Amino acid sequence: MTHDYKRNGTTTLFAALDLLRGKVIGDCHKRHRHQEFLKFLRRIDREFLGKRPLHLVIDNYGTHGTAEVKAWLKKHPRFVMHYVPTSCSWLNLIERWFAELTNKRIRRGSFLSVDDLTTAIEEFLSAWNENPKPFVWTATVDSILAKLARCRQNP
């Protein structure tokens, strides 16, 4: 950030990644409450018709575990929730797409309003989904465990 950086507001982006196709479903909201999260869950339910289970990998943010969300999920058993541990967001592949969004559209952008930022996100989403590409894990379990072992060694 430069010395004259000015923050012009924020938006909340809820996003879901279709692992097989690489398509991303995303919605920007002014707030990050259970009402917005439920609206996003309903959109996912509409986009993926049928009875096939939908596995959602999400963080432990308070909005995701409210009584209202739990009640909705109980009525929609095809939604299978997987909560990543704190500080392990890298386990959620949508985070890789967030990095694409950040590096290719947000980081060098100049947004004079939240509406400008939201428009940029929506344009990136649209462009991405014209030619979606699935993300593929390239690291093996052994290489990850070896890296963890190296990190645990004393200097």
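Where is threonine 63 found? I traced threonine 63 to the loop between strand E3 (54-58) and H2. Helices here are DSSP runs of H or I with at least four residues, strands are runs of E with at least two, and both are numbered from the N terminus.

A note on ground rules before I go further. I am reading a predicted model, in which local features need pLDDT of at least 70 and side-chain atom pairs count only at pLDDT 80 or more, while totals for chains, interfaces and linings use all residues. Residues are numbered from 1 along each chain as its sequence is written, and side-chain values use heavy atoms, with hydrogens and water left out.

**Confidence.** I checked pLDDT, the predictor's confidence in each residue from 0 to 100. The chain has a mean pLDDT of 87, and 92% of its residues reach 70 or more. Helix H2 (residues 67-75) has the highest confidence at 96, whereas helix H5 (residues 141-152) has the lowest, at a mean of 81.

**Overall layout.** I noted five helices and four strands in the chain. From the N terminus on, their order is β-β-α-β-α-β-α-α-α. The C-alpha trace spans about 50 × 50 × 35 Å along its principal axes. I also looked up contacts (heavy atoms within 4.5 Å): of those with a separation of 6 or more, 63% join residues 24 or more positions apart.

**Surface.** The accessible surface of the chain is about 11200 Å², and 55% of that belongs to carbon and sulfur atoms. This area comes from the Shrake-Rupley method with a 1.4 Å probe; for residues, only the protein chains shown count as cover. Of the 155 residues, 32% are buried. Buried means under 20% relative accessible area, exposed over 50%, and partly exposed in between (1.4 Å probe, protein chains only).

**Back to threonine 63.** Is threonine 63 buried or exposed? Threonine 63 counts as buried because its relative accessible area is 6%. Beyond its neighbours within four places in sequence, I found threonine 63 in contact with His32, Arg33, His34, Phe37 and Val69.

**Strand E1.** I picked two residues here. Threonine 12 lies in strand E1 (residues 12-17), and its relative accessible area of 14% makes it buried. Not counting residues up to four places away in sequence, threonine 12 touches Asp27, Cys28, His29, Arg31 and His32. Leucine 17 also has its place in strand E1 and is buried, at 17% relative accessibility. With neighbours within four places set aside, the contacts of leucine 17 are Gly22, Lys23, Val24, Leu93, Ile94 and Phe135.

**Lysine 147.** I found lysine 147 in helix H5. Why does lysine 147 count as exposed? Lysine 147 counts as exposed because its relative accessibility is 52%. Its C-alpha atom is separated by 38 Å from that of glutamate 47, 100 residues apart along the chain.

**H3 against H4.** The axes of helix H3 (residues 94-106) and helix H4 (residues 114-130) come within 11 Å and cross at roughly 115°. Axes are lines fitted to C-alpha atoms, for helices over the stretch in contact, with angles from 0 to 180 degrees between N-to-C directions. On the H3 side, the residues making the contact include Trp97 and Leu101, and on the H4 side they include Phe124 and Trp128.
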